[in-house]
Every structure is written in C-alpha cells, then in structure tokens.
Amino acid sequence: MAHRDRAVVSVVTAACCVATLFLGVRPVPALAAVGVALGTFGCWPRSRAWTGAATGATGVLLLVATFAWPGRGTTEGSVWHMVAVGAVLLLLTAAVRWSPRRQLLAGGGLGAVAVAVWTVPLVPDASFFECLGLVSFWSAPIVGSAVVGGYPRLMEDRRRQAVLAARRAQQLELAHDLHDFVAHDVSGIVVQAQAARFVAQHDPAAATQALERIERAGLAALASIDRTVRMLHAAERHTDGNGSSGAPTGDEAAGGARTVLPGIDQLGEVVDRFSETGQIRARLDLTPGVTDALAREGAATVHRVVVEALTNVRRHAPGAAGVRVALSTDRTTVKVSVTNDGGRGRSSHLSVLPRLDRGARGGGGLLALAERVRTCGGTFASGPYQDGWRVTATLPATGSGATAS
C-alpha cells in the first residue's frame, strides 16, 4: 500500500511539473493545490487521517495564488483560482468526514478562509460591505461541504455512542445479575463453610450435611452464572456486525433472554435454600393470584428484591432468627416485603457466626434495586422495622391476572 501511495504522489507531481512547463508560472499554486487533492484521493483510504492537513495545504496555496502570486486579480488568474477552489472544497468535505478534530479545526479553517476571500482581489474598488457580500456568498459552498461531510460523521458518532451505551447497559445488567443471584448463593456457601468449621469436631454428621448444602449452593451459583452468560449471548445475537442493536421478533422474542428470567415461581426454592444454609429461618407467604398478577419483567424484579433482601440479611443481620417474605396483590398492584426480626428469639445454645464484612462501599445493591423498581413504575423503601429491618417494593400489576386501575 505504501508503494502505491508513493507511485501516486510521483505521478501527480510529474504531471504538475509538465503542466507548469507548458502553461507558465501563473497557474502553479492552483496546479499544486489540484496535485495535493489528487494525491490525497489517490492514496485513499490511507490518506483519511491527513485530509485535514491536506485541506490546510491547499488553503495556503489558494491564499498565495489570491494575494501573492503573479496574475492575481486578473481574469486569466481567476480561472485557475476556481480550479484551486474546487480542490479545496473537495478536500474540506473529506476532512469534515474523516479528519481528526484538531486537524479539522486548523486545516479546515484555513481552507474555508481561503475559499471565502478568494474573489476579494478581483474587485479592488469594492467597498467594505461589497467585500462582506462576496465573502458571505462564497461561504455558502463552505457550509455545503461541511453539511455533506458532517452529516455521516454525526450519524456515525451517534451510532458509536449508542453502541457504547448498549455495552454499558449490558455491563451494568451483568453486574446486577452477579450481585443479586451469584452473591446470594456464594454468601450461603460462606455461611455453611463457617458452620461446618464450628461443628466439624463435635458433630461430623452435621458437617457432612453442611458440605452437601454447600454443594447445592455451588450448583445454584453455577446455574446463575450460566443464566447470565446465556442472556449476554442472546443480546449479542440481536446485534448486527456494525454494532447496532436489533429487536428480537417472533419466536426469538418468546424464546430468547426473557425466558431465562427468574420469577415468583422460584421464590419458594430461594427461601428454602436460604433456610437450609444457615441458622436464620425464612417463611414465604403468597396471597392467591399474586403469581399471575405480574408480567415476566415485574416477576423478575420481585425475585431480585427478595434475593437481595435475603442476601443482606445474611450479610448484615447474622443475629436474626427469622425472616418473613410476603407477597400480596389487590389486582392493581403487587406488594413484596422482606422483614427480619433483628435477633429476637435466638436460642442461647446457637453459636453466632462471624459477621461477614460489608466492604468499604456497602448499600450499592439496594440503590440499584430501587432504580430498577422505579424503572418498572413501582416504589421502593427500606429501613428499620420494630427490632429488625424491612425492605418493601410495590409494583403495578401487569400480568394476566391484573385488573385495570
């Protein structure tokens, strides 16, 4: 490719020299400007990066031809100036489309000034306002070049920003999935490992049971990771080669990432596994019709609320003896609440496990959860309740069993 570039530049330079021999000195700047333009487009696409510099070079040549070269201000000279103006406008269009912004500001600005003022020496007796009118008239093709080159650049920038925003949304979704589901199972594994360490010497059978529960929690964590990976693959399948997203249709919409979203049906398993992996007992209360009151998106949000709340109980309230998970509906809204007793009723013979470290930046899960609930049109609240803590979310009923409000 570099050899071809050198060949193009050599041919164009030789042609300009030959033309100068036959045409004389006057058209030299215009011919040089045309040579720069032909060399730039002949070396395409490698020359995209320096279209701004080429525009600036042709602009300088046009300014020299306009104000400092023999034949300026004459009819014969103006013909060659028009040729140079055409070369500058073509390069300006390419620079607006492809040039780096710093080169565009410098080289493109210089070329635009050269085009705007090239007719001023042709009218030496013109007043200030007449000169201003000439400059304004020749600003029109400059604006046209900027529009022709700038519109596709703007569309490409918008598409790039949309791709970056989509990737950022996928990254946040992945982070939320890992936090809500995998962290829940991993925290259960940690609790069981702590329990097994305490009872291994005195009750080997209990330690064996704890290891079995660790195995089940590990398998559940692997299933959560696998579900998250499948969701990412499903999102990639609906992204074309240019990075733009396409909405799934037909069977894809019915069988894609949506079908792997957990919902209310899995809450019983979540609560049972939570009770098995520690000394805190959880109870699930469902009112009739609550399962059908939410669409899949809302059911997945309820599932996240419960998992996050139970994970926080295990992390931040290891002294709690009981947790109540309650879901109720009035056919227009669905309310989910997770309440722990804060340690009331704990038996004295049970050893308190070491409290899990919150980390330096706790509470991020609840903030993300509150934002998700609000995105679904609901309300979210969390705070002290009696001797413990309560997390509450209310979502609009959007399922088959919902009633219009």
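Is Arg 331 buried, exposed or partly exposed? In this predicted model, Arg 331 is partly exposed, with a relative accessible area of 34%. Arg 331 sits in the loop between strand 2 and strand 3. Its phi is positive, about 75°, although Arg 331 is not a glycine.

**Overall make-up**

The protein chain holds 11 helices and 5 strands. It has 405 residues, of which 39% count as buried. Among contacts between residues at least 6 apart in sequence, 75% join residues at least 24 apart.

The 5 strands form an open sheet in the order 1-2-3-5-4, with mixed pairing. Strand 1 (281-286) and strand 4 are the edge strands, each pairing on one side only. From one strand to the next, the twist averages 10°. Strands of a sheet pair through backbone hydrogen bonds, and the pairing is either parallel or antiparallel.

Strand 4 (residues 379-385) pairs with strand 5 (residues 388-396) in the antiparallel sense, over 7 bridges. Within this pairing, Tyr 385 has Gly 388 of strand 5 as its bridge partner, and Gly 383 stands opposite Arg 390 in strand 5. The two strands make a hairpin with 2 residues between them.

The phi of Gln 386 is near 55°, a positive value in a residue other than glycine. Gln 386 is exposed, with a relative accessible area of 64%. Arg 331, in the loop between strand 2 and strand 3, likewise has a positive phi, of about 75°.

**Helices on the sheet**

Two helices can be described against the strands. Helix 9 (residues 267-276) lies across strand 1 and strand 2 (322-329), and runs at about 160° to strand 1. Helix 10 (residues 296-316) packs on the sheet and touches strand 2, strand 3 (333-340) and strand 5. The direction of helix 10 makes about 10° with that of strand 3.

**Helix 5**

Helix 5 has 17 residues. From its first C-alpha to its last it reaches 24 Å, close to the 24 Å expected at 1.5 Å a residue. The buried residues of helix 5 are Leu 104, Gly 107, Gly 108, Gly 111, Ala 112, Ala 114, Val 115 and Ala 116.

**Aromatic pairs**

A pair of aromatic rings is described by the distance of the centres and the angle of the planes. With centres within 6.5 Å as the cut-off, the count comes to 5 aromatic pairs. Two of the pairs are set out below.

| Pair | Geometry | Centre to centre | Angle between planes |
|---|---|---|---|
| Trp 44 and Trp 98 | edge-to-face | 6.4 Å | 70° |
| Trp 118 and Trp 138 | edge-to-face | 5.3 Å | 70° |

The pair of Trp 44 and Trp 98 links distant parts of the chain, 54 residues apart. Trp 44 is in the loop between helix 2 (28-42) and helix 3 (51-67), while Trp 98 is in helix 4 (residues 75-98). Trp 44 is partly exposed, at a relative accessible area of 23%, and Trp 98 also counts as partly exposed, at 29%.

Trp 118 lies in the loop between helix 5 (101-117) and helix 6 (128-199), and Trp 138 lies in helix 6, so their pair ties together parts that are 20 residues apart in sequence. Trp 118 counts as buried at 4% relative accessibility. Trp 138 is buried too, with a relative accessible area of 15%.

**Around Trp 44 and Trp 98**

What else lies around these two rings? Ring pairs link Phe 41, Trp 44 and Trp 98 into a cluster. Two arginines lie over the face of Trp 98: Arg 48 at 3.8 Å from the ring centre, and Arg 97 at 3.9 Å from the ring centre.

The backbone next to Trp 44 has a feature of its own. The peptide bond from Trp 44 to Pro 45 is cis, with omega near 5°. Pro 45 is placed in the loop between helix 2 and helix 3, and Trp 44 is in that loop as well.

Key
Residues are numbered from 1 along each chain as its sequence is written. This is a predicted model: local features need pLDDT of at least 70, side-chain atom pairs count only at pLDDT 80 or more; totals for chains, interfaces and linings use all residues. Side-chain values use heavy atoms; hydrogens and water are left out. Rings of Phe, Tyr and Trp (its six-membered ring) pair if their centres lie within 6.5 Å; planes under 30 degrees apart count as stacked, over 60 as edge-to-face and the rest as tilted. Helices (H or I, at least four residues) and strands (E, at least two) are DSSP runs, numbered from the N terminus. Buried means under 20% relative accessible area, exposed over 50%, partly exposed in between (1.4 Å probe, protein chains only). A charge sits over a ring if NZ of Lys or CZ of Arg is within 6 Å of the ring centre and within 35 degrees of the ring normal. The expected span of a helix is 1.5 Å times one less than its number of residues. Two strands pair if DSSP finds at least two bridges between them. Axes are lines fitted to C-alpha atoms, for helices over the stretch in contact, and angles run from 0 to 180 degrees between N-to-C directions. Contact means heavy atoms within 4.5 Å.
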